[in-house]
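Please review the following briefing alongside the sequence and the 3D structure. The points are grouped by topic.

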Amino acid sequence: MLITCPYCGPRDLSEYTYQGDANRTRPDPASTDQAAWNAYVYERTNPAGDHREYWQHSGGCRAHLVVIRNTLTHEISEVSFARAELNHHAAPRRITGAKA
Ligand SMILES: [Zn+2]
């Protein structure tokens, strides 16, 4: 199986590390809802078809990726940087001490 890294191009699966389901949503860190945390930590779907997954190009540029892979055929239909999703949800960073 080949995964096309946006930086490095097509590379063999042996260069990548699977990092889990990319569909989960972490509960609020202050939440004490045990059922929500239990679901987040332990419950997984096992879809037959397209699945969003986190992969790291650990044997290459070390980028974290979101890969959409068909679990039946292993065909990969999309690869993108995971940081694009994370930055979308992150608060803007402030740099102190910088001169304009
Ligand atoms: Zn790469």
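Does Cys-61 count as buried, partly exposed or exposed? Cys-61 counts as partly exposed, at 31% relative accessibility, where buried means under 20% relative accessible area, exposed over 50% and partly exposed in between (1.4 Å probe, protein chains only). This is a predicted model, in which local features need pLDDT of at least 70 and side-chain atom pairs count only at pLDDT 80 or more, while totals for chains, interfaces and linings use all residues. Residues are numbered from 1 along each chain as its sequence is written, and side-chain values use heavy atoms, with hydrogens and water left out.

**Zinc site**
- The zinc ion has as protein donors Cys-5 (SG), Cys-8 (SG), His-57 (ND1) and Cys-61 (SG), at 2.1 to 2.5 Å; donors are N, O and S atoms within 2.8 Å of the metal (3.2 Å for Na, K and Ca).
- Along the chain, these donors are spaced as C-x2-C-x48-H-x3-C.
- The site is tetrahedral, with angles of 104 to 119 degrees among its 4 donor atoms; four donors count as tetrahedral if all angles lie between 85 and 135 degrees.
- His-57 is buried, with a relative accessible area of 0%.

**Fold**
- The protein contains 2 helices and 6 strands, defined as DSSP runs (helices H or I, at least four residues; strands E, at least two).
- Their order along the sequence is β-β-β-α-β-β-β-α.

**Burial and contacts**
- Among the 100 residues of the protein, 24% count as buried.
- Of the contacts (heavy atoms within 4.5 Å) with a separation of 6 or more, 44% are between residues 24 or more positions apart.

Methods: Four donors count as tetrahedral if all angles lie between 85 and 135 degrees; four count as square planar and six as octahedral if opposite donors are over 155 degrees apart and all others between 65 and 115; anything else is irregular.
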